[in-house]
Amino acid sequence: MMNDGNTTLDALKEQVHQLCLRKGWGVEGVQNPQHVAMAMTVEMSELLEHFQWLNPDDVDALMAGRDPERVALIAEEFADVMMYGLQLARTLGIDITGQVLRKIDIVDHRPPKSYNPRR
Ligand SMILES: [Mg+2]
């Protein structure tokens, strides 16, 4: 079974592409990246909805693993966001690992901001 420990991002991009092909989405499984980016924000809103109006105790419960039902709902929307992100990266030839590492390097070398939340 594929999981984070044994799956490359390229393989995951391909899984999403194969889904698009099976569903007949886009041209030969490639959807307009402008539409994909917009759809990604909609899915991000769906993810945020599961955090809406939570109080700090609710968030503590999430982080402590005491609310697996809500985590499952968040995970499903997170997957939607990621699937669009993977699709976008594949279509535009974005190497996710390279870009994330590049961004980490940029942030590493950026002067610290005055506001620095602990969590
Ligand atoms: Mg969704």
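Me: Before the numbers, what counts as two residues being in contact here?
Reply: Two residues are in contact if their C-beta atoms, placed from the backbone, lie within 7 Å. This is a predicted model. In the protein chain, 76% of the contacts with a separation of 6 or more are between residues 24 or more positions apart.

Me: OK. How many helices and strands in the protein chain?
Reply: The protein chain has five helices and zero strands. From the N terminus on, the order is α-α-α-α-α.

Me: Which ones make up the largest nonpolar core?
Reply: That core has six residues: Val36, Met83, Tyr84, Leu86, Leu88 and Ala89. Helix 4 gives the most to this core, with five residues. As a general point, nonpolar side chains tend to be buried together in soluble globular proteins.

Me: What does Val36 touch?
Reply: Leaving out residues up to four places away in sequence, Val36 touches Gln31, Tyr84, Gln87 and Leu88.

Me: Let's stay on helix 4. How many residues, and what reach?
Reply: Helix 4 covers residues 68-92, which is 25 residues. From first C-alpha to last, helix 4 reaches 35 Å, close to the 36 Å expected at 1.5 Å a residue.

Me: Which of its residues are buried?
Reply: In helix 4 the buried residues are Met83, Tyr84, Leu86, Gln87, Leu88, Ala89 and Arg90. The buried residues of helix 4 pack against helix 1 (9-23), helix 2 (33-49) and helix 5 (96-108).

Me: Take helix 1, then. At what angle do its axis and that of helix 4 cross?
Reply: The two axes cross at roughly 95° and come within 9 Å. Helix 1 is therefore roughly perpendicular to helix 4, as angles of 65 to 115 degrees count that way.

Me: Which residues meet there?
Reply: From helix 1, Leu12, Lys13, Val16, His17 and Cys20; from helix 4, Met83, Leu86, Gln87, Ala89 and Arg90.

Me: What about Val81, where is it found?
Reply: Val81 is in helix 4. Val81 counts as partly exposed because 18 other C-beta atoms lie within 10 Å, and buried takes 20 or more.

Me: What is Val81 in contact with, leaving aside neighbours within four places?
Reply: Val81 is in contact with Met40, Glu43, Met44 and Leu47. Val81 and Met44 are 37 residues apart in sequence, with 6.0 Å from C-alpha to C-alpha.

Me: Why does Glu28 count as exposed?
Reply: Because Glu28 has 9 C-beta neighbours inside 10 Å, and 12 or fewer is exposed.

Me: And Trp53, what about its phi?
Reply: Trp53 has a positive phi of about 65° and is not a glycine. Trp53 lies in the loop between helix 2 and helix 3 (56-63). With 6 C-beta neighbours inside 10 Å, Trp53 counts as exposed.

Me: Last one: what follows helix 4?
Reply: Gly93 follows helix 4, with a positive phi near 70°.

Notes:
Residues are numbered from 1 along each chain as its sequence is written. This is a predicted model: local features need pLDDT of at least 70, side-chain atom pairs count only at pLDDT 80 or more; totals for chains, interfaces and linings use all residues. Helices (H or I, at least four residues) and strands (E, at least two) are DSSP runs, numbered from the N terminus. The expected span of a helix is 1.5 Å times one less than its number of residues. A nonpolar core is a set of buried Ala, Val, Leu, Ile, Met, Phe, Trp, Tyr and Cys residues joined through C-beta atoms within 7 Å. Axes are lines fitted to C-alpha atoms, for helices over the stretch in contact, and angles run from 0 to 180 degrees between N-to-C directions. Angles under 35 degrees count as roughly parallel, over 145 as roughly antiparallel, 65 to 115 as roughly perpendicular and the rest as oblique.
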